[in-house]
Amino acid sequence: MLLGAIADDFTGATDLANSLTRRGMPCVQLNGLPGPDEAAGPEAAQVIALKTRSIAAQEAVAQSLAALDWLRARGCETVFFKICSTFDSTDRGNIGPVAEALLAALGGDIAVACPAAPENGRTVYQGHLFVGDRLLSETGMRDHPLTPMTDSDLVRVLGRQSQGKVGLVPHHRVAVGAAAVAKAVAGLRETGHRFAIVDAIDEADLAVIAEGAVDLPLLVGGSGLATGLPALFRRQGRLSAETASAPPVVEGAAAVLSGSCSQATNAQVAAMAAARPSYRLDPAALARDEAAVDEALDWAAGHLEGGPILLYATAPPDEVAAIQAALGRERAGALVERAMAALATGLLRLGVRRLVVAGGETSGAVVSALGLRRLAIGPEIAPGVPWTFSGGPPPIALVLKSGNFGGPNFFAEAFEVLS
Ligand code: ADP
């Protein structure tokens, strides 16, 4: 196993696995902590998907360390902590505490951290994270239901979450090349820093960073930071060229479950609701009425035959704020996630075999409820979002879409890719 990754959410795991697979590095996604006796697959890269982004930091650390133990016991050579390209976290964690714990367990004293994913418009300059031409804090991420991002300065953000010092490797050092990155990181290590945020504005920068940092015990980043690794491993003679196998054909009813409240997902839900049968879940109804999920499933049963259907809790920021004021932020999120998990189980019973899930936390809840352990990566729908396949039984085609990813017609495009 050349690369072992620990992802802090399920859509992020898929994004990373997709990124590696597209670049010729065979990769499997393992959902949840694998069992102690579970063998590693034959793939050169194995990504463990955890749901640790928004839980208590202590628990996130414990799960991540257990994942690290599993990977290391199976000979993993490079360890990657996969975080969101929008650095989703709060001042209590969990990026800093988890990364520090992993670093300590690996016996290292500094790690690089770079969430840039230029393909999806996420770049880092002077330590500041941009989404397109906006600072992170000026995007919809400032209204995220669980991890609102109101500061774009990653040195400051990670600094608030970490015990150790956080420094910056600025873009003009990255532009010089891999050796300059390695030297800058070594300089930060000598001055007692534990993390180096590294600027990256395009894929070439990320390839340079990967080469300059691959010998460090821990890489912390978005899927972008991994894009340079397959080519690097091939140049080093550690990875052979691979031919992709054809994706399996999965037949059965089709549905979308959307629990993301991002700007992108709000637009995608509006587009699909205008064209296809759709059902809105109201968190207030979920709180007071135990039958709310069954009612949604009854509705689904009557509409599945005609093609893809949509069930969503997705709402704009003002509605999310109102429901959070009434129910509490965590309770509202947990209610919706539980409902999504129950809906997914019910939809499978109704014959759904092609399922698109929107939202990272939502995907974690759904995949855990369905008990899908291993996912193979299939064709890409939009940057960072592929179809994945669970061998079953029954075989299921599944999309785990990060809230911010995909264009307005993503849901329709997803089913077109399979047809
Ligand atoms: P993203 O990928 O956009 O971050 P997530 O699924 O990770 O999406 O997070 C969205 C969170 O918001 C989930 O916890 C979900 O349960 C919650 N949520 C969904 N709809 C609503 C709503 N209408 N009101 C409040 N919270 C909601």
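User: What makes the pair Glu43 and Arg374 a salt bridge?

Analyst: First, a word on the model. It is a predicted one: local features need pLDDT of at least 70, side-chain atom pairs count only at pLDDT 80 or more, and totals for chains, interfaces and linings use all residues. Residues are numbered from 1 along each chain as its sequence is written, and side-chain values use heavy atoms, with hydrogens and water left out. Now the pair. A salt bridge needs a side-chain nitrogen of Lys or Arg within 4 Å of a carboxyl oxygen of Asp or Glu. Glu43 and Arg374 have N to O at 3.8 Å.

User: Which domains does the protein have, and how do you know their bounds?

Analyst: The domain assignment gives domain 1 (3–235) and domain 2 (253–418). Such bounds come from an automatic or database assignment. The C-alpha centres of the two domains lie 27 Å apart.

User: How many residues of domain 1 are in contact with domain 2?

Analyst: Contact means heavy atoms within 4.5 Å. By that rule, 37 residues of domain 1 touch 33 residues of domain 2.

User: What is the area buried between domain 1 and domain 2?

Analyst: Buried area is the accessible area (1.4 Å probe) that two parts lose on being put together, summed over both. Here the value is about 2700 Å², and carbon and sulfur atoms give 51% of it. Thr11, Asn31 and Lys51 supply 21% of the area that domain 1 buries against domain 2, more than any other three residues.

User: Which salt bridge does Lys51 form?

Analyst: The side chain of Lys51 meets that of Glu337, with N to O at 2.7 Å. The count between domain 1 and domain 2 is 4 salt bridges. Helix 1 gives the most to the side of domain 1 that touches domain 2, with 8 residues.

User: What makes strand 6 an edge strand?

Analyst: Strand 6 (122–125) pairs on one side only, as does strand 8 (134–135). Two strands pair if DSSP finds at least two bridges between them. Strand 6 and strand 7 (residues 128–131) are joined by 4 bridges and run antiparallel. The open sheet has 3 strands in the order 6-7-8. Within it, Thr123 stands opposite Phe130 in strand 7.

User: Where is the cis peptide bond with omega of about 0°?

Analyst: That cis bond joins Gly93 and Asn94. Asn94 lies in the loop between strand 4 (78–82) and helix 3 (95–105). Another cis bond joins Gly392 and Pro393, with omega about 5°. Pro393 is in the loop between strand 17 (385–390) and strand 18 (396–401).

User: Why point out the phi of Phe87?

Analyst: Most residues other than glycine have a negative phi, and most peptide bonds are trans. Phe87 has a positive phi, near 55°, and is not glycine. Phe87 lies in the loop between strand 4 and helix 3.

Conventions
Helices (H or I, at least four residues) and strands (E, at least two) are DSSP runs, numbered from the N terminus.
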